[in-house]
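Here is a short briefing to read alongside the structure. Please keep the 3D view open as you go through the points.

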Amino acid sequence: METTSDRLLWMYRTMVEIREYEETMAKVYLEGKLPPKIQKGLAFDIGAGPVPGEMHLAAGQEPVAVGVCAHLRDEDSVVGAHRPHHFAIAKGVPLNEMTAEMFGKVTGLGRGKGGHMHLFDPAHKFSCSGIVGAGAPQACGAALAAKKLGKDWVAIAFFGEGAANQGSFHEALNLAALWKLPVVFVCEDNKYGISVEKGDSTAIASNADRAAGYGMPGVLVDKNDALAVFEAAGVSIDRARRGEGPTLIEVKTDRYYGHFQGDPETYRPKGEVKALREHDPIPALGAVLREQGLLDDARDAELREAIRSKVQAAFDFARHSPYPDVAEAHRHVFVD
Amino acid sequence: MTTQQKTRTLTMAQAISEAIGQEMERDERVFVMGEDVGKYGGIFSATTGLYERFGKERIMDTPISETAFMGAAIGAAAEGLRPIAELMFVDFFGVCFDQIYNHLAKNTYMAGGNIKLPAVVMTGIGGGYNDAAQHSQCLYASFAHMPGMKVVVPSNAYDAKGLMIQAIRDDNPVVYCYHKGIMGLSWMSYFEGSTNEVPEEAYAIPFGKARVVREGSDVTIVTLSQMVQKAVLAADTLAEEGISAEIIDLRTIVPLDTETVLASVAKTGRLLVADEDYLHFGLSGEIAALVAEHLDTIRLKAPVRRLAVDAVPIPFSRPLEQHVIPQVDGIVAAVKAQLATPIGL
């Protein structure tokens, strides 16, 4: 990604890809989980179908992932959270192996032993965790390693606004500032910690204000906009790369689906998602690209078609891959 | 072959810091993080002298933020470094256990073996010096209960050095538990048997190889850590009364040397487990179950006995604490009672 135009186009394409991926997963996930194919009396069966278990989708939150990752290199580390697909895709994690992991197949990133909240791709320096707030200290470790190795690599910790009330967040911020680590903490405020609204969990309106308590810059991006994230992240990542220490960014973003697929969302005002979707960040960036002559209808259709094929191929790969042999359950507790 | 090795008498603390120092010389990826590991040299002297030799970039004092630095150890290990993170007292795992058992111990598995986490969590264990319920526990069995961590529990300086070097070289997470009461500190009474001859050069002791501390024929005492030193004193007393006790020092509990335990119990026909961790659902029950599962090849002469900390927090008051933690006299009494109690019908 040499020029800004290249990066803008990459961000647009990647947002489209993330959206396509999440919308596909939203449908595939429900396969086999609904009546009449499940136990009588149930409305939904979480353990059934080709993709069992929980599923946290990130549609709507694409700007955070692409705005940050547009500045990253292969050697930079990203630690995501329990809703990780957008970060993984933006960091370059291959779709085939990622999807196969979510299907529990042996061709998956973790040979089917991690699942969708635990995606590990050392080749692209991506990891994530299902425990809220756990990633921030680990990103500090990656940043510490970069510093010790004399590299100008940076580490990104992505997490939700709920994680900012965990002790791990506060410990990590202090450590990062104290040791001037090349890490950027990126908080996605999607307004809800499962069902609890931010105002009912957090004493202040913006977590960015908490940065001052640790002697680091705090930046609030108050709209779900890829360009705004791109600008804020660029300044912070450059700063970290120069060895000037960490930054905390909070982005106000939007969660289009429930906390997990199957979430009844009774806590959410009627029509909220519909209203949010009217300000969708993908066409918004598309409009900017069109103004700059970087995108037109034909090009848009072409890239969307290519992305549809790519995502479809990943799901096909996952469906047709074999499950691990049961002996696999006993392997890799330790490396040999 | 008799190559004369140059040895000195070292305390366990000296042996541990020597091991770390030698590995740091050999491998620049090795570094230490923890509370008071730098200028202070470690509250229990496990890093004494290292700050002066390697400086603050490699012997890193941390804030009192165990979650932050355990997590940082994971992140750094994933990048190819080899951190040693000291958890000052094992009792403090409560403030950072998520990083340890949900991440350090599981990430390799969930990554299908694609990630190595060569980190050592070094921690002080044990009571006997009246530090009460939050600073006296052993808890090694809690780590061993959960998959993904190797657990090392040395009883003397020679083993402490070789096992630390092995721990640092291992590509997996290792929890290294040193008992405070055998470190040979100048400010806490200790069992002198733990201070012994240690070769100057670096050497590694493989994990999963228990040591027969003393051969015997009447009873097998399976033990570890400081309790090994107590068992040795108990065996001396028993020997005066014509009772021959065999002592097995497990040295590591993950991996566990089941072969040595089973062979010894098969020979003596009696098993006493002497443990300073909690009695219930722990190491002593695990060893007893191991023997029970092999009664097709082992003929017991007496029911298995277990000595460990009963289901109470470690009390502060000296007589209470000494009562709750198994002592030399208790081991002697347990063996005698065992010899007087044959298998019934």
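This is a predicted model: local features need pLDDT of at least 70, side-chain atom pairs count only at pLDDT 80 or more; totals for chains, interfaces and linings use all residues.

**Helix α10 of chain B**
- Helix α10(B) runs over residues 283-292, and its buried residues are Leu283(B), Ser284(B), Ile287(B), Ala288(B), Leu290(B) and Val291(B).
- Viewed down the axis of α10(B), these buried residues fall within an arc of 155°, so they line one face of the helix.

**Overall build of chain A**
- Chain A contains 10 helices and 8 strands.
- The radius of gyration of chain A is 20 Å, close to the 20 Å from the globule rule for 336 residues, so chain A is as compact as a globular protein of that length.
- The C-alpha trace of chain A spans about 55 × 55 × 40 Å along its principal axes.

**Packing in chain A**
- Of the 336 residues in chain A, 56% are buried.
- Among contacts in chain A with a separation of 6 or more, 74% come from residues 24 or more positions apart.

**Surface and charge of chain A**
- Chain A exposes about 13600 Å², and carbon and sulfur atoms supply 53% of that area.
- There are 38 positive and 46 negative side chains in chain A, and the centres of these two sets lie 2 Å apart.

Technical notes:
Residues are numbered from 1 along each chain as its sequence is written. Chains are lettered from A and ligands numbered from 1 in the order in which they are written. Side-chain values use heavy atoms; hydrogens and water are left out. Helices (H or I, at least four residues) and strands (E, at least two) are DSSP runs, numbered from the N terminus. The radius of gyration is taken over C-alpha atoms; the globule rule is 2.2 Å times the number of residues to the power 0.38. Buried means under 20% relative accessible area, exposed over 50%, partly exposed in between (1.4 Å probe, protein chains only). Contact means heavy atoms within 4.5 Å. Accessible areas come from the Shrake-Rupley method with a 1.4 Å probe; for residues, only the protein chains shown count as cover. Lys and Arg count as positive and Asp and Glu as negative; His and the chain ends are not counted. The place of a charge is taken as NZ of Lys, CZ of Arg, CG of Asp or CD of Glu. The arc is that of the directions from the helix axis to the C-beta atoms.
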